[in-house]
Amino acid sequence: MAGGDYEEQQTPLLHNSPYTNTGTVWTALAHIITGVIGSGILSLAWSMAQLGWIGGPLTLLLFAFFTLVSAYFVSDVHVYTNPNNGDVTTNRSYLQAVHTILGYKNGLVCGCLVYFSIFKTGVVYTITSSISMRAIRQSNCYHDEGHEAACEFSDTYYMLMFGMVQILASQIPNIFQTKWLSIIASIMSFTYSFIGLGLGLAQVIAKGKVEGSINGISTTNPTQKVWLSAQALGDIAFSYTFSLILLDIQNTLKSPPSQKVTMKKASTIAVFTTTIFYLCCGGFGYAAFGDLTPGNLLTGFGFYEPYWLVDFGNACIVLHLVGGYQIYTQALFAIVERWYAEKFPESVFGKDIRSVKVSLLPEFRLNPLRLCFRSAYVVLTMAIGMLFPYFNEVVAFAGSVIFWPLTIYFPVEMYFVQKKVVPWSGKWFMLRIYTIFCLFVTIFTLAGSIQGLIAKRFG
């Protein structure tokens, strides 16, 4: 890949299409919430149980602050003016922004992390969706045969079902045509969040007391407590990551008002809304079950009845993750297909051959490259999910491995360049401390998540 072509290859497909500049603060909010409120919310009660009544809420608020700071920094670099030659660049993706502002080498490192982050999100969504589909079958089994029945089923069949749906959904040409999917997914995320919150609250009222403690779940081995706390931090980190898709969403917004202003408003509303949901869902889940809090609030069967409501909540999770999977992967699909079109402009393999209309889905163009590459990508995420079907541990690893570089380091470094922050000034010093602190948190959570994966896979 030639250095001069790098920036152009990172821009999403069809950025001059009629879909580009029709977005509002509400469509941006729908995209963000679809990307943020996902499988991570299901592990927050478990995370709260590891950290206790003080550490849990404070950690949620801290990561919300990190996320909002990152969103503001990234929103500012959508339009970048080069201080050396005065050239103005519109950064239409996170990766393009890093390359344009921080240089080619940083762009390559960021590219590897971005691709990995998008891929691991697809794996996590595949695992979570299969668990939720399996939970629906289990819920009905427990209702019919009793709570002590042996209602254990394999995840493999459900991962295959989710993969087939994603192969079809992935043929939607680009992110601008997923607005309807984001709106549906956002509604689903609010729905199952309310269900989890309501079931937890009902359980607390039925018991007449609040479970849990200040220190969280006690363990016989102090080392185990440390590892579990690290995994809990990783789960929370995963719940807040959305920096990667922010510029792709910002590029869809109309102007005036300024796209930067609209994006910051949408980000603020999204972080505030999701934090309230996270605190309520995590808090009520922990209050309901205490030391017995399940790893997944709706699939760990802390709740058995009403079984139809548990079923409905899990169905909403699946519908939401179908949309969330696409919001993340469409950005990667665009980068790869843009690169192929630039590299092989005469290739018939990368050109549309016909239009297809399937049932209620919007009409889309059939493209051999899109069909083969996107289908293979979905199959690969499905295969990794089958190899490591461990919800809490995979979520913790996914959250910790890219949290510091993509949510903290690159946004801060771009802010330094964009705002021309003077080295060793007060602002520079404070942001350096902020970056180093977050690095130590990330190392701690990554170590805990790796230990958890190894213990589950080989222990």
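Is Lys420 buried or exposed? Lys420 is exposed, with a relative accessible area of 61%. Keep in mind that this is a predicted model.

Let me stay with that residue. Lys420 sits in the loop between α13 and α14, the latter spanning 426–458. Its backbone deserves a look. Lys420 is not a glycine, yet its phi is positive, about 55°. For background, most residues other than glycine have a negative phi.

Now go along to Trp424. Trp424 also belongs to the loop between α13 and α14. Here too phi is positive, about 70° for Trp424, and again the residue is not a glycine. How accessible is Trp424? Its relative accessible area is 68%, and the cut-off for exposed is over 50%, so Trp424 counts as exposed.

Next, the cysteines. How many disulfides does the structure hold? One. The partners are Cys141 and Cys151, with an S to S distance of 1.9 Å. The torsion about their S-S bond is about -70°, so this disulfide is left-handed. What does the pair tie together? Cys141 is in helix α5, residues 104–145. Cys151 is in the loop between α5 and α6, with α6 covering 156–169. The bond therefore links parts that are 10 residues apart in sequence. Both ends are buried: Cys141 has a relative accessible area of 13%, and Cys151 has 0%.

Cys110 is in no disulfide. Its nearest cysteine sulfur belongs to Cys112, 9.3 Å away. Cys110 is buried, at 0% relative accessibility. Then there is Cys280. A disulfide needs the two sulfurs within 2.5 Å. Cys280 is partly exposed, with a relative accessible area of 25%.

The largest nonpolar core has 108 residues. Which of them touch the most other members? Phe63, Tyr94 and Phe242. Which helix gives the most to this core? That is α13, residues 391–419, with 14 residues.

Note on methods:
Residues numbered from 1 in each chain as written. Predicted model: local features only at pLDDT ≥ 70, side-chain atom pairs only at ≥ 80, totals over all residues. Heavy atoms only, no water. Core = buried A, V, L, I, M, F, W, Y, C linked by side-chain atoms within 4.5 Å. Buried < 20%, exposed > 50% of the residue type's maximum accessible area, 1.4 Å probe, protein only. Helix = DSSP H or I, 4+ residues; strand = E, 2+ residues; numbered from the N terminus.
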